Amino acid sequence: MDHQPKFFENLSGAGKAIAVLTSGGDAQGMNAAVRAVVRMGIYVNAKVYFIYEGYQGMVDGGDNIVEVSWESVSSILQVGGTVIGSARCKPFRTREGRLQAAFNLVQRGITNLCVIGGDGSLTGANLFREEWSGLLEELAQKGKIDAEAVKKYAYLNIVGMVGSIDNDFCGTDMTIGTDSALHRIIEVVDAIMTTAQSHQRTFVLEVMGRHCGYLALVSALACGADWVFIPEYPPEEGWEDSMCVKLSENRARKKRLNIIIVAEGAIDCHNKPITSEKVKDLVVQRLGFDTRVTILGHVQRGGTPSAFDRILASRMGVEAVLALLEATPDTPACVVSLSGNQAVRLPLMECVQMTQEVQKAMDEGRFLEAVRLRGRSFENNLNTYKLLSHKRPDAELPKSNFNVAVLNVGAPAAGMNAAVRAAVRVGMTEGHKIFAVIDGFEGFARGKIKEISWGDVGGWTGQGGSILGTKRTLPAKYLEKIADQMRTNNINALMVIGGFEAYLGLLELSAAREKYDEFCVPMVMVPATVSNNVPGSDFSIGADTALNTITDTCDRIKQSASGTKRRVFIIETMGGYCGYLANMGALAAGADAAYIFEEQFDIRELQANVEHLTEKMKTSIQRGLVLRNENCNENYTTDFIYQLYSEEGKGVFDCRKNVLGHMQQGGAPSPFDRNFGTKISAKAMQWISKKLKETYRKEGGKVFANTDDSVCLLGMRRRNLVFQPVAELKSETDFVHRIPKEQWWLKLRPLMKILAKYKTSYDVSDSGQLEHVAMLPKEAETGAI
């Protein structure tokens, strides 16, 4: 879609009043959304109000509806829950309650509402909007407002953002809070695994999700659980036997622990509840295993929001204000949402109806339909889980007689092991023999290659780093030795999981095809690098984990200054020449500036930033945060920037600097990276199977693939996972600086600047189109995880 960039400068909020409220169950990230709405609203010169305690505050009025300033939302980005409170509200369900609420809003001239909550809250908002003109007329009849007010405030505009940890709202990939809830669940599972391992125990974990199994399903996928119970996909008759057989088989394979995950709303095919206690009793009675139940409860709602939720909520908040500014009396109430990494607007009631359809399908026992209605992302999660968790007996597996080698290349990235596990298991299910190469191309040349089995990769999803070992060495100087190894081990396909070196490596191998027939086999690359600098993919495995590490560290660093005098921190992030981590880290941590290579800056800009911070520090704000990508400028080093800020800030603030270094590559993978790694790798292995069938030549009895489309990179592009020949990606690559020539996240630069109080121009061409739920490519593979 080539269109002229459209900037929002001509959208003014002058004379408009926007109110923001949070309603229903709280979710981590709601505060980030509130902050973005307030700051964007003030930025466009609108008045912005908080409504405390949700709809209850709207009905009660008084001090519950307060005009706010820029500073009102300072330091709330990293706080879980909602600082403006949320309450269940009976009065708002009555017409009298809504009449009182309308009166309270009109008194303050508020006709724009931004509601952050679940489907109940949003349905309530829509009803309020439909009744609005009738409510005003009634108020006028009762003499509470005059005819002028009825005319002036004739229309109420509503924009919703979905804040719900269950991810139970149709039309949105990820609701605000879901990713953070997964973080809490995975932290608990990782902790439980170590104790279960010690005692050879079985653990039954109950997670939230009364009507939606998303949390249970995704956490089962992320930790490799033995069994999962969800409301949308009840187990078949006789599940008790099959589950016990599977658990005892796993024990027989020397697996010391079993994890079973139960959604609180889990049911059997007769719509009878399956409780965690019931599952525990079953395991104890039938198998005699030492079994414990852990109910996670409200832990899942708590804690600080993840980097993903902060960025999601900040983007949604800004988009919501734009939607309110552009709303006309004819536009339906909409929700702002994410599809892939695209912000979209959807008619609120279409989403609500579709969400209710799922429940109806489940009530009527149409479970396959319920899974389909949940969207493509949910369906993929379920299919991938089924594929990876149950090993079919050898006799049932097809025999393809193909050998596939899997290797890691480049620097370690969290999530690589989840990708290897998925590749091995899907490969075996497809009937291939899978060979693991130790230590990248260098290990390949030295013959460090061995067959790897289903059980060998058990428990790998939660491990950080690279278990296979990885090196940055490129294959060019070992071509002959690698060709020898491929011939000796009869390798028919290659799967390379890694960063920019993996991409260069595949280019070198495909160039060497003329000389070596051994390289005329299907090859696929799965991007895995914390830098997120691989062409052809918007995301790479490991970047989300690194981003969370940066965000957590920035939170701690900011906190270290509380109570001291005013202080600015200069923080250096990794990423080579790619500014992804610095830019997104700045957005997630609420930084004042982020210096990156992609956007050149000079001394004048540095000077302007220092002055900007100095002005800010004269208000009630006490801390400043500045991120710098390690290679953003060879002369303006971290030390230089630190010294400049120290000198210029004398008397107003003092300075500290931190270089985050290799901690960004370590740590257990985040839920996003585990699932992205698992799903993208499974898809890559299915592509290999397809290519092997296409390129097998019966007459020679061997695989021969020498076309460009047999060497591909599998990447996430906007809303879809796409296979792209590496040869075609050459033109999109800046090889000197090892980055793609165009990067989607640069469009979010102005967002960070607006939220840090800079005047800037923001291209809104991508937003503003109201889409319909049915038209959406049913949730992209991985914009959600």
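Contact here means that heavy atoms lie within 4.5 Å. With that in hand, Met 495, leaving aside its neighbours within four places in sequence, is in contact with Ala 405, Val 406, Leu 407, Ala 423, Val 524, Val 526, Ser 681, Ala 684, Met 685 and Ile 688. The model is predicted, and local features need pLDDT of at least 70, side-chain atom pairs count only at pLDDT 80 or more, and totals for chains, interfaces and linings use all residues. Residues are numbered from 1 along each chain as its sequence is written, and side-chain values use heavy atoms, with hydrogens and water left out.

Met 495 also belongs to the largest nonpolar core, which has 186 residues and in which Met 161, Ile 261, Met 495, Phe 519 and Tyr 580 have the most contacts. A nonpolar core is a set of buried Ala, Val, Leu, Ile, Met, Phe, Trp, Tyr and Cys residues joined through side-chain atoms within 4.5 Å, where buried means under 20% relative accessible area, exposed over 50% and partly exposed in between (1.4 Å probe, protein chains only). The largest share of this core, 13 residues, comes from H10. Apart from it lies another core, of 52 residues, including Leu 348 and Phe 367.

Leu 348 leads on to a pair of helices, for it is one of the H11 residues that meet H4. Helices (H or I, at least four residues) and strands (E, at least two) are DSSP runs, numbered from the N terminus. The axes of H4 (residues 119-141) and H11 (residues 348-363) come within 10 Å and cross at roughly 135°; such axes are lines fitted to C-alpha atoms, for helices over the stretch in contact, with angles from 0 to 180 degrees between N-to-C directions. H4 and H11 are therefore oblique to each other, since angles under 35 degrees count as roughly parallel, over 145 as roughly antiparallel, 65 to 115 as roughly perpendicular and the rest as oblique.

Turning to the loops, Ser 306 is placed between strand S9 (291-295) and helix H10 (307-326). Ser 306 is buried, because its relative accessible area is 4%, and, neighbours within four places in sequence aside, Ser 306 is in contact with Asp 179, Ser 180, His 183 and Asn 548.

Most residues other than glycine have a negative phi. Asn 45, however, has a positive phi near 70°; Asn 45 sits in the loop between helix H1 (30-43) and strand S2 (47-51), and counts as exposed because its relative accessibility is 55%. Asn 490 likewise has a positive phi, of about 50°, and lies in the loop between helix H16 (479-488) and strand S15 (493-498).
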